[in-house]
Amino acid sequence: MEQNGHSIALNLSAIRSQLPDGVRLVAVSKFHPIPSLQAAYDAGQRLFGENRPQEFSAKVPQMPADTEWHFIGHLQTNKLKLVLPYASLVQSVDSLHLLEAIDRWGRDNQRVIDVLLELHLGAEQTKHGLTEEEILQIVLGETISAWTSVRFKGLMGMATNTDNEARIREDFSRISHLFHHIRTQLEAIPSPEGRERAACWTELSIGMSGDWRIALEYGATLIRVGTAIFGEREY
Ligand SMILES: *Cc1c(COP(=O)(O)O)cnc(C)c1O
């Protein structure tokens with residue numbers, strides 16, 4: 001059921017009080033109505049995440065101008081113009097094809113788009129995501145200089161949807177290792193460009209309503225929480 005404004009504010013402050021410095025909360029507002037987003041905004045929340053282009057672009061103009069938006073869902077290349085003008089970060093780059101299209105859009109629009117690469121974790125709930133090999137090739141491969149209009153900020157992943165905490169930890173551990181491995185490799189590149197890329201590589205987006213506390217142990221810098229703030233979604 002949709003939470004009222006008071007419980008949304010309470011949920012937010014309960015979560016925030018447990019977040020260490022340097023970890024940002026993305027309020028995942030998909031399927032929730034504007035009054036619920038506004039209640040979160042009134043409680044101080046500025047960063048929201050949406051996963052469907054149409055819904056995203058419809059909500060943006062209905063919220064105050066200083067609302068910050070991350071896109072966190074599967075993005076088809078014919079929907080870029082609904083998302084890229086408004087998202088400060090696209091967290092869910094899940095294919096090379098999409099990455100190329102975003103880079104091209106950025107070039108055509110004189111923009112550099114901040115992105116996270118989505119690592120395919122957890123077998124069952126999504127087939128979206130890049131493999132570790134693909135991610136390494138993109139950010140450390142020889143063609144890295146070809147990406148002129150995307151900025152690689154880090155990794156995003158969704159752990160297996162399970163009550164088995166060991167399995168969730170395995171997933172978080174895998175993505176966390178990859179994140180730090182890439183950071184180390186970028187830092188070792190002996191050029192100003194390498195230093196610049198290493199300095200940008202700061203974000204690890206893991207953890208949702210059921211597992212964000214565990215994600216903190218694995219170095220999450222962004223957690224994406226919907227249900228625990230706004231209540232259950234009605235599809
Ligand atoms: C819906 C969604 C979330 C939030 O899920 P909750 O379990 O409601 O917190 C986080 N990340 C992504 C990518 C999502 O699609």
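Tutor: Let's start at Glu-68. At 23% relative accessibility, Glu-68 counts as partly exposed, because that label covers values between the 20% limit for buried and the 50% limit for exposed. Keep in mind that we're looking at a predicted model. Glu-68 lies in strand E3, which covers residues 68–71.

Who does Glu-68 touch, leaving aside neighbours within four places in sequence? Arg-24, Arg-46, Leu-47, Phe-48 and Ser-88 are in contact with Glu-68. With Ser-88 there's a polar contact too: the two side chains are joined at 2.8 Å.

You'll find Ser-29 in the loop between strand E1 (24–28) and helix H2 (34–42). Is Ser-29 buried or exposed? Its relative accessibility is 0%, so Ser-29 counts as buried.

Phe-31 sits in that loop between E1 and H2 as well. Its relative accessibility is 25%, so Phe-31 counts as partly exposed. Have a look at its backbone: phi of Phe-31 is near 70°, a positive value in a residue that isn't glycine. Why point that out? Because most residues other than glycine have a negative phi.

From here we can go on to the ligand. Among the residues around it are Val-28, Lys-30, Ile-72, Met-158 and Met-208. Arg-224, Val-225 and Gly-226 are also part of that shell. Sorted by class, the shell has five nonpolar, three polar and three charged residues. Which side chains bring a polar atom to an oxygen of the ligand? Ser-209 has a polar side-chain atom 2.5 Å from a ligand oxygen, and Thr-227 has one at 2.5 Å from a ligand oxygen too. For Arg-233, a side-chain N or O atom is 2.8 Å from an oxygen atom of the ligand. On its own the ligand has 390 Å² of accessible area, and the protein covers 91% of that.

Next, helix H5, which runs over residues 96–108. H5 has 13 residues, and at 1.5 Å a residue it should span 18 Å. The sum works because the expected span counts one less than the number of residues. In the model, the end C-alpha atoms of H5 are 18 Å apart, which agrees.

Leu-96 is found in H5. With 39% relative accessibility, Leu-96 counts as partly exposed. Not counting residues up to four places away in sequence, Leu-96 touches Leu-130, Ile-138 and Trp-147. Leu-96 and Ile-135 are 39 residues apart in sequence, with 9.2 Å between their C-alpha atoms.

Further along, H5 has buried residues: Leu-98, Leu-99, Ala-101, Ile-102, Asp-103, Trp-105 and Gly-106. What do they pack against? The partners are helix H4 (80–83), strand E4 (89–93), strand E5 (113–118), helix H6 (132–140) and strand E6 (150–156).

Just after H5 comes Gln-110, in the loop between H5 and E5. Gln-110 has a positive phi of about 50° although it isn't a glycine. Its relative accessibility is 73%, so Gln-110 counts as exposed.

Let's finish in strand E6, where Lys-153 lies. What would you call a lysine with a relative accessible area of 19%? Lys-153 is buried, because the label applies to anything under 20%. Leaving aside neighbours within four places in sequence, its contacts include Leu-89, Asp-114, Val-115 and Leu-116. Cys-200, Trp-201, Thr-202 and Glu-203 are also in contact with Lys-153. Arg-52, by contrast, is 101 residues from Lys-153 in sequence and 21 Å away in space, C-alpha to C-alpha.

Conventions. Residues numbered from 1 in each chain as written. Predicted model: local features only at pLDDT ≥ 70, side-chain atom pairs only at ≥ 80, totals over all residues. Heavy atoms only, no water. Helix = DSSP H or I, 4+ residues; strand = E, 2+ residues; numbered from the N terminus. Buried < 20%, exposed > 50% of the residue type's maximum accessible area, 1.4 Å probe, protein only. Contact = heavy atoms within 4.5 Å. Near = heavy atom within 4 Å. Polar contact = N/O pair within 3.5 Å; in protein donor to acceptor, adjacent residues only side chain to side chain. Areas by Shrake-Rupley, 256 points an atom, 1.4 Å probe, with all protein chains shown as cover. Nonpolar A, V, L, I, M, F, W, Y, C, P; charged D, E, K, R; others polar.
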